[in-house]
Every structure is written in C-alpha cells, then in structure tokens.
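The stops below are meant to be selected in order.

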Amino acid sequence: MLNRAARQNRVRPDLIQVPLWVRETFDSYLVCEFTTVKSGKPVTMPLLPFYLPDSGKFVVTSSILFSKKAENVKKNPKVSLLFSNPEGSKAGKHAVLVQGIAHADDSDLDHGWEKYLSYWRKKEPYIDAYLAEREKFGWFWKRIVVQVEPKKILAWKNGDTSQAPEEFGA
Amino acid sequence: MTSLDYQRLGNFGYAVITLIGDDGFPFSVSTDFKILPDRKIVLQKPARPSKLDGKRVNVLFNHITGLPGGGYGDRRYMLVWGTTHEDHGTLRFDPESLSEWDEKILPFDQYCAKSAPQGAKYLGMLQASAEA
C-alpha cells in the first residue's frame, strides 16, 4: 500500500517532489510572506496562500484595493512565497521558500477567484459571513487571481535558518 | 521616513529578510532579531544568502493570532526597507523607509476605505487596456 506522500506524488511525477512535512506546511500555514519585485526592489506582504495539489501551483488572491502586487507581477513575474509562520495551524515550525513565476489574472474580478473558496474556507472558516455582506465591501471582493508556478523550493526543517536549506527543483 | 515605532517593533516574534538574488528571484529567509537600547536593529545572520553585507533588503515583521475556531486575527505588520551590514557574526539593519498596518490602529474597514484610490487606479488601467 502506498503511503500518503507516495499517493500525492504519484498523481504528477513531473512536479517538484517535496517531503511530506513541506507539503503539510503548504497546506496548513495560514499566511505566507509573498514578495514581488518593483523597480528592482523587493516588496513583501503577508498573504493567505492556497496550494493546488493537482497542478503543484500556488494561488494568492488580491483585492483591487491592494493591487500593487498584481501591478508588480505584470511587470516582473518573478516572485517568492515564504512559509515561516505556523501560528493558527497544526503543523510544526518550519521555513519553506518557494520561488516561481507568477501570472496575474484579472479577467473576471467578480467571480474568477470564487473557484478557490473551498481552499479559503479551510483556512478562514468565517469567510462566508463576510461574503454574506459582499455588497458592503464591494471593491474588496473584486479580486485578482495570482497563480505561481514554482521553479525552486528551499526548506529549513524546524525553521533553523542558521543551517543550509534542503533544495528541491531547478 | 515615516517614524519607526521601536516599541511596537519589539513586540514582533521574528523577522523575514528579503533581497533580490542574482537570478532575479526574491529570496526570503526568517530569522531572529533584537533591538538594542540605542535603537539599533540586529538580525541573526542566516546561512543563506551567504553575503548580506551592504545589501539592500526589506525586512518584514508580521504577526497574526490564531483563532480557536480556525482562521486568525490581530493582524499587524511592519515592512521596512534598508541595508544590512555584517557585524561580528550578526547583521546590523539600518532602516530607511517603512510601510505598515495594524488593524488595532486602523480597523480593516477603514483600511479598505483608505485604499480606494488604488482600487480606482487599477480599474482605470483595466478600462484603458480594454479600450486600447
């Protein structure tokens, strides 16, 4: 019988293969530190990330109210996501850096992001209460979908960044 | 720069250093930090990137509090741009500019209202793009 990690990896062997603890970090950490590049400078913001196991990609969504990150992605698609904060999750403390190429999709601001609601609910169960008042925060719910294809993953087990990370991909 | 509140900064649990690597990708790493009595910010030097002396970086200090039923609140962050200098095995961080949000200081609905010009700008860009 295949163990859990093997079952997950069996679906897409072409994806970057990572240990189970890294995968659990992706699935359970509530926030990541998402960095875009503006005029050669990093801009890092805390964001709610979603990991899509079937494609191995990551998704963050952004209201047009806080859309500078999407503007940056359109000019420079190189981004990173650091998972370093286990607060509110049941996972252990680790640090995992994902470097990848991002694509900002603003073709359907009102509904394009809704396909990720099931992921959102798992991390913020109260989101439906806010959705019920959608008209109250109209522009907050006009959302850009930023999808990230990972190119390289670096992982520090137990979050000990004084040691060299394990590297996956690239 | 906008005044950096060292007292509030000291309440964060750790720091995330980010710089742009030679390959053009951002590189972020978490590390510990402390604030000395003379308001110098000292970061623990991570193993990677190996060279951080004189590098232009941003340092994110971020906090959330997990909620018993899932999700999180008590959101606050300080994003500080500046330069790191290697100093006896640690990194001295010289801050230059700051962006921050603390929902206890600026509630989320007010933060949204304050950000309306960016929303209007983005919609304007989309409109212009559609008409081009």
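**Whole model**

Start with everything displayed. This is a predicted model, with an ipTM of 0.96 and a pTM of 0.94. If you colour by confidence, chain B has a mean pLDDT of 96, and 98% of its residues are at 70 or more.

**Chain A**

Five helices and eight strands make up its secondary structure. Followed along the sequence, their order is α-α-β-β-β-β-α-β-β-α-α-β-β. The radius of gyration of chain A is 16 Å, close to the 15 Å given by the globule rule for 170 residues, so chain A is as compact as a globular protein of that length. Its C-alpha trace spans about 45 × 40 × 30 Å along the principal axes.

Of the 170 residues in chain A, 44% are buried. Taking the contacts in chain A between residues at least 6 apart in sequence, 71% join residues at least 24 apart.

**Helix 2 of chain A**

Select residues 20–28 of chain A, which form helix 2. Which residues of this helix are buried? They are A:Val22, A:Thr25 and A:Phe26. Look down the helix axis: these buried residues fall within an arc of 95°, so they line one face of helix 2. An α-helix has 3.6 residues a turn, so residues three or four places apart point the same way.

**Helix 3 of chain A**

Move to residues 68–75 of chain A, helix 3, where the buried residues are A:Lys69, A:Ala70, A:Asn72 and A:Val73. They cover an arc of only 160° around the axis, which puts them on the same side of helix 3. The packing partners of these buried residues are strand 1, strand 2, strand 4 (57–63), strand 5, strand 6 and strand 7 of chain A.

**The nonpolar core**

Bring chain B back. The largest nonpolar core has 67 residues. Select A:Leu81, A:Val96, A:Val146, B:Ile17 and B:Val59, the residues with the most contacts inside this core. Strand 7 of chain A provides the largest share of the core, eight residues.

**Where the chains meet**

Next, select the contact between the two chains, which takes 41 residues from chain A and 38 from chain B. On the chain B side, at least two residues each come from strand 1 (15–20), strand 2 (26–31), strand 5 (55–66), strand 6 (72–87) and helix 3 (116–131) of chain B. Which element of chain B gives the most to this side? It is strand 5 of chain B, with seven residues. Coloured by class, the side of chain B that touches chain A shows 21 nonpolar, 15 polar and two charged residues.

**Backbone features**

Select B:Arg48 and B:Pro49, which are joined by a cis peptide bond with omega about -5°. B:Pro49 sits in the loop between strand 4 (41–44) and strand 5 of chain B.

Stay on chain B and go to B:Asp74, which has a positive phi of about 55° although it is not a glycine. B:Asp74 is part of strand 6 of chain B. Is it buried, exposed or partly exposed? B:Asp74 has 13 other C-beta atoms within 10 Å, so it is partly exposed.

In chain A, select A:Ser39, a residue other than glycine with a positive phi, near 50°. A:Ser39 lies in the loop between strand 1 (32–38) and strand 2 (41–47) of chain A. It counts as exposed because it has 8 C-beta neighbours inside 10 Å.

**Last stop: A:Ile127**

Finish at A:Ile127, in helix 5 (residues 127–132) of chain A. A:Ile127 counts as partly exposed, with 15 C-beta neighbours inside 10 Å. Leaving out residues up to four places away in sequence, A:Ile127 touches A:Trp120 and A:Arg121. To check a distance, pick A:Ile127 and A:Asp110: they are 17 residues apart in sequence and 16 Å apart in space, C-alpha to C-alpha.

Key
Residues are numbered from 1 along each chain as its sequence is written. Chains are lettered from A and ligands numbered from 1 in the order in which they are written. This is a predicted model: local features need pLDDT of at least 70, side-chain atom pairs count only at pLDDT 80 or more; totals for chains, interfaces and linings use all residues. A residue is buried if 20 or more other C-beta atoms lie within 10 Å of its own, exposed if 12 or fewer, and partly exposed in between; C-beta atoms are placed from the backbone. Helices (H or I, at least four residues) and strands (E, at least two) are DSSP runs, numbered from the N terminus. The arc is that of the directions from the helix axis to the C-beta atoms. Two residues are in contact if their C-beta atoms, placed from the backbone, lie within 7 Å. Ala, Val, Leu, Ile, Met, Phe, Trp, Tyr, Cys and Pro count as nonpolar, Asp, Glu, Lys and Arg as charged, and the others, Gly among them, as polar. pLDDT is the predictor's confidence in each residue, from 0 to 100. The radius of gyration is taken over C-alpha atoms; the globule rule is 2.2 Å times the number of residues to the power 0.38. A nonpolar core is a set of buried Ala, Val, Leu, Ile, Met, Phe, Trp, Tyr and Cys residues joined through C-beta atoms within 7 Å.
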